[in-house]
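Dear colleague,

Please find below the structure that I am handing over to you.

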Amino acid sequence: MGAGEGANFAAYIFAPATVVTPLGALSVLISAVLSSYLLGETLNIVGKLGCVLCVLGSTLMVIHAPEEEEVTSLQQMTDKLLEPGFLVYATVLLLCCLVLVWYAAPRIGHTNILVYISICSLLGAFTVSSVKGLGIAIRTVFSDASVVRHPLTWILLLFLIVSIVTQVNYLNKSLDTFNTLLVYPIYYVFFTSVVLSTSIILFQEWRSMVAVDVVATVGAFLVIVVGVAMLHLFKELKVTMDQLSSQLCQTVEREGHAEGALEGGGGGGGGGGGAGGGGRSKRDDKYGLIDNMVIESLPPMREEGPRVFIIS
């Protein structure tokens, strides 16, 4: 698990956050497939369809991925972090986190699933920003050892440690309090949305994208969200392909019986009612057709008045 998180952080260093974060859904897909084969867990038809949607959305996300604005030095990273737009954005996120931690969490955190998840998701903005900055320091430390003494390096390291510890703490609280099948899809959507917003504001990755790529990227993200939700929310639903085929056959059979009963009832009425519709009583119909309902239409009380229907 630690190696996986390390690889995830490394991916943030070398690739745009708008690509790395949504592709985290592939870990859910791989876990579902491996647990099905190695642990003998059953992956129902809804889960398999969710896997297909995750692969489809991830593929579209990679194809239409934005180009990240090149930031090669800590000084450039400092300029990005000190831009007014990002400062306002980071201040709002920090105030929201403080309100959630000190006010909302003690009061309604144990009853509202969004409180703990919102804390984890909002802190994701600081986590990703810190990782991107530390990645620049790591890449340039061999050519310029002065980055170790740069104040930004230690500030980002401090933010990274605090945000990760806080995220893990509240994520564990959320998993202990609420159903895991609900926690992960909501957390994925919230965290990914915050990271995408942070990437747009800080690195302006979407500035060079055309309209088609923007629409395709947003659509791919929504497809991944649906796939993750199907994998988790319907994980315990016992649905197989055989059951679906059987249900479909039963539906077709019922429609055939219904049409036959209606035709038999009409023929019996034309023959004077003696034959009783081919020898079968209407009340014995297997699927409960409402043939005893007779609708009589009475003439209106006045020419322009409404028609009155009586069901007997």
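Helices (H or I, at least four residues) and strands (E, at least two) are taken here as DSSP runs, numbered from the N terminus. On that basis, the order of elements along the sequence is α-α-α-α-α-α-α-α-α-α-α-α-β-β, that is, twelve helices and two strands.

Please note that this is a predicted model, in which local features need pLDDT of at least 70 and side-chain atom pairs count only at pLDDT 80 or more, while totals for chains, interfaces and linings use all residues. Residues are numbered from 1 along each chain as its sequence is written, and side-chain values use heavy atoms, with hydrogens and water left out.

Overall packing

Of the 312 residues in the protein, 35% are buried; buried means under 20% relative accessible area, exposed over 50%, and partly exposed in between (1.4 Å probe, protein chains only). A contact is defined by heavy atoms within 4.5 Å. Among contacts between residues at least 6 apart in sequence, 75% join residues at least 24 apart.

Nonpolar cores

A nonpolar core is a set of buried Ala, Val, Leu, Ile, Met, Phe, Trp, Tyr and Cys residues joined through side-chain atoms within 4.5 Å. The largest one has 44 residues, and Y12, M77 and L81 have the most contacts inside it. At least two residues of this core come from each of α1 (2-14), α2 (17-20), α5 (74-81), α6 (84-108), α7 (113-140), α8 (151-177) and α9 (180-202). Helix α7 supplies the largest share, 15 residues. Leaving aside residues up to four places away in sequence, Y12 touches A17, V20, T21, V128, V131, K132 and F191. There is also a second, separate core of eleven residues, which includes C51, M61, F221 and I224.

Helix α7 also holds S130. This serine counts as buried because its relative accessibility is 2%. With residues up to four places away in sequence not counted, S130 touches L156, F159 and L160.

The second largest pocket

A pocket is found on a 1 Å grid over the protein atoms alone, as an open set of points where a 1.4 Å probe fits, with protein on both sides within 12 Å along at least five of seven lines; lining residues have an atom within 4 Å of a point. The second largest pocket has a volume of about 370 Å³, a volume being the space filled by probe spheres set on the grid points. It is lined by 15 residues, of which L81, F86, L87, A90 and F159 are the closest to its centre. Helices α5, α6, α7 and α8 each give two or more residues to this lining, and the largest share, five residues, comes from α6. By class, the lining has eleven nonpolar, four polar and no charged residues. Here Ala, Val, Leu, Ile, Met, Phe, Trp, Tyr, Cys and Pro count as nonpolar, Asp, Glu, Lys and Arg as charged, and the others, Gly among them, as polar.

Cysteines

No disulfides (pairs of cysteine sulfur atoms within 2.5 Å) were found in a search of the whole structure. The sulfur of C96 lies 7.1 Å from the closest cysteine sulfur, in C97, and is therefore too far away for a bond. C96 is partly exposed, at 34% relative accessibility, whereas C54 is buried, at 0%.

L49 is in helix α4 (residues 45-63) and is partly exposed, with a relative accessible area of 46%. Although L49 and M230 are 181 residues apart in sequence, their C-alpha atoms are 7.7 Å apart in space.

Yours sincerely
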